[in-house]
Structures are given as C-alpha cells and as structure tokens.
Amino acid sequence: MRIKVPMDQRVKKRILHAGRGPVPNFSDGDRVKFHFRTETTDGESVLLDDSRKYKPMELILGKQFKLEVLEASVKTMALSEVAEFTIDKALLHSYPIVAKTLRDSWDPANKPKAAPSGCCGMMMAAQQPQLGYPDLDRLLQQPQALRVTIELLSVEAKHEYERESWALNEEEKLASVTELRERGNSLYRQQQHAAAAEQYADALGRLESLMLCEKPQDEEWNRLNELKLPLLLNFAQCKLLLDDYYPVIEHCSTVLEARPDDVKALFRRGRAQARVWNVEGARADLARAAELDPGVRGAVRKELADLAAREKEKHEQEKEQLRGKIFT
C-alpha cells in the first residue's frame with residue numbers, strides 16, 4: 001500500500017524559483033528527471049547529497065520508489081521549478097538506504113567495502129558503520145528532518161519515451177517483443193547485422209523474463225517459447241554473418257531441442273560448426289537439412305565444397321609445418 005503524504009503537515013514547501021506553466025497532470029509511468037540537494041536541519045546545516053556533482057536523478061512514477069516522499073514532492077512541481085522541501089523525519093526512514101545506493105552508483109570507485117562475514121564480521125560490524133558512510137549511519141541511528149532542494153528538469157509521458165524492460169508490466173513487455181523483432185528485421189534488411197542482433201537479444205531477454213514467471217511446459221510457457229524460437233534463429237543468423245560462431249551453435253541447438261527438423265537451425269548450425277572445424281557435426285547438420293528440404297541442396301553442396309577446400313588447405317599447411325620441423 002502506497003503512503004499518501006500530507007504535504008501541508010509533515011512536508012513544508014517553499015518555492016525558490018517559479019516554473020514554466022502549471023503543474024503537469026502526472027500519471028504512473030511518466031519519467032521525471034530532476035536535481036536534488038539534501039541538507040540536515042538540526043543545528044548547523046550539513047550537506048548530505050548533491051546530484052549536481054554527478055548526474056540528474058531519474059524516476060518512473062508509480063514504480064514504488066523506496067523514498068515515496070521524494071516522488072510525492074516532485075509531483076507538486078511545475079517544469080523548471082526550484083523548490084525547497086523541509087520533510088519530517090517520520091517520512092525519511094528509507095533515506096539512508098536510498099542515498100547509499102545512489103552514492104555507490106555515482107562513485108563506484110569509492111564504494112565502501114562490505115564487512116567480513118562470520119563471527120569476526122559480526123564483531124567488527126558492531127564497531128563499524130552499517131552502511132559504510134558515516135553521515136548516513138548517524139542519520140540511520142538518529143533520524144532527523146531534512147531539507148531537500150529540487151529542480152524539476154523534465155517530464156515525459158510514458159508514451160513519449162522508450163521505457164526499459166524493468167519499467168514495463170507483463171502486457172507491455174510482451175507487446176515490446178514484437179516491436180523489437182520488427183525493428184531488428186528492418187535493421188537486418190539494411191545489413192546492419194550488429195544493430196539487428198542487439199534488438200533480437202533485447203527481445204529474447206524480455207521473453208525469457210516472462211517465461212521465468214511460468215511453469216515450464218505449461219500452456220503459457222509453451223506459447224512464449226514459440227515466440228522465442230524464431231528470435232533465436234534471427235539472432236543466430238546475425239551472429240553467423242558477424243563471424244561469431246559459438247552463439248550460433250548454442251542458439252540453433254536450443255531451437256533443435258524443440259524442433260529437431262528445423263531446416264534453418266540445421267543449416268545455420270552446420271555452417272557455424274564448419275567454421276570452428278567441427279567437421280563431422282557440420283556435415284551431419286548440412287546433410288540433414290538437404291534431406292528435409294530439397295530447396296537448400298544447392299546451398300548445402302556449396303558449403304560442403306567450401307569445407308572440403310578449407311580442409312585440404314589446412315592439411316597442406318600442416319604438412320608444410322611438419323616438414324619444416326623435420327629439417328630444422
């Protein structure tokens with residue numbers, strides 16, 4: 001259950017610079033970017049965090065951000081507005097955890113090392129900070145109100161930007177798979193094989209995350225797997241053209257586990273196996289593809305002839321190397 005923050009009681013707002021136009025009609029799924037600066041309020045003000053030293057904060061609204069009061073505060077602001085919020089400590093119990101996560105991502109080189117595990121680690125933990133940042137540990141142990149200054153930089157409705165996979169619900173994620181496949185197909189037709197492979201890989205990742213929520217071999221899992229297999233073949237074709245052969249073998253083998261007589265999978269795996277000198281496997285795959293589909297027999301003959309020529313060349317090179325060793 002989400003907390004409704006009473007802005008007129010535990011959060012006091014003061015506008016420092018008026019924004020442009022009215023406050024937007026915010027909706028779940030909108031993406032907001034803003035800078036924030038956090039200071040203590042007890043006694044002399046102490047700076048805790050300032051995003052301007054690193055990069056703007058980015059939030060997808062309605063995704064249960066741990067620091068809900070910050071999201072609620074942003075939703076009272078107009079674009080380009082700068083406002084100061086004095087927030088009651090009761091609403092800030094998660095601030096130290098959120099701030100640690102941000103600091104670790106902003107400056108990973110200075111990320112505090114975790115305390116050792118085991119009995120010794122437990123004894124040291126009693127003497128060492130819990131989060132690795134002394135100011136955040138003090139705040140964790142002695143909560144206080146904070147003053148947060150926010151500048152709202154941008155607001156994008158959910159249909160105005162391409163959301164990352166984690167920000168999509170299951171229905172949206174499934175719909176995005178089709179979009180990614182079509183984008184990959186378009187790039188492939190333009191012979192942009194590396195870019196097409198990226199689109200297919202993204203689509204596969206989203207499908208696999210959906211499949212993890214289903215029981216293997218159940219109806220919905222099988223339906224998702226049927227969508228996955230053509231993507232595996234497309235991805236394998238791109239990798240084949242990029243001379244990256246082991247992913248071709250791996251993904252075509254996955255297809256063949258479900259569809260043992262898939263001609264495209266056999267032909268592409270056969271070509272890849274020929275390039276990594278798995279000669280017997282290559283010949284078996286190519287022969288099976290030709291047996292199943294007479295339409296690929298000409299291409300298979302060409303591949304087998306090329307394999308035989310490369311075998312002969314390799315054999316001659318090995319003979320020359322052996323001859324050189326004998327007479328040295």
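**View 1. Helices H5 and H6 pack against each other.** In this predicted model, H5 covers residues 170-189 and H6 covers residues 193-211, and the two pack at an angle of about 160° with their axes 8 Å apart. Helices (H or I, at least four residues) and strands (E, at least two) are DSSP runs, numbered from the N terminus. Axes are lines fitted to C-alpha atoms, for helices over the stretch in contact, and angles run from 0 to 180 degrees between N-to-C directions. H5 and H6 are therefore roughly antiparallel (the word applies to angles over 145 degrees).

**View 2. Here are the residues where H5 meets H6.** On the H5 side, the contact includes Leu174, Val177, Leu180 and Arg181, while H6 brings in residues including Ala196, Tyr200, Ala203 and Leu207. Contact here means heavy atoms within 4.5 Å. Sorted by class, the contact of H5 with H6 has 11 nonpolar, 6 polar and 6 charged residues. Ala, Val, Leu, Ile, Met, Phe, Trp, Tyr, Cys and Pro count as nonpolar, Asp, Glu, Lys and Arg as charged, and the others, Gly among them, as polar.

**View 3. Now for the largest cavity.** A cavity is a set of points on a 1 Å grid over the protein atoms alone where a 1.4 Å probe fits but cannot get out. There is 1 cavity of 30 Å³ or more, and the largest cavity holds about 80 Å³ of space. A volume is the space filled by probe spheres set on the points, with grid points joined across faces, edges and corners. Its lining takes in 13 residues, with Phe36, Thr38, Leu67, Leu70 and Tyr95 nearest the centre; lining residues have an atom within 4 Å of a point. H2 gives the largest share of this lining, 3 residues. By class, the lining of the largest cavity has 12 nonpolar residues, 1 polar and no charged.

**View 4. Last up is the largest pocket.** A pocket is an open set of grid points with protein on both sides within 12 Å along at least five of seven lines. The largest pocket has a volume of about 550 Å³. It is lined by 22 residues, and Met57, Glu58, Leu59, Phe65 and Leu102 are the closest to its centre. Strand E4 (57-60) and H2 each give two or more residues to this lining, and H2 has the largest share with 5 residues. The lining of the largest pocket splits into 11 nonpolar, 3 polar and 8 charged residues.

**Notes.** Residues are numbered from 1 along each chain as its sequence is written, and side-chain values use heavy atoms, leaving out hydrogens and water. Because the model is predicted, local features need pLDDT of at least 70 and side-chain atom pairs count only at pLDDT 80 or more, while totals for chains, interfaces and linings use all residues.

Note on methods: Angles under 35 degrees count as roughly parallel, over 145 as roughly antiparallel, 65 to 115 as roughly perpendicular and the rest as oblique.
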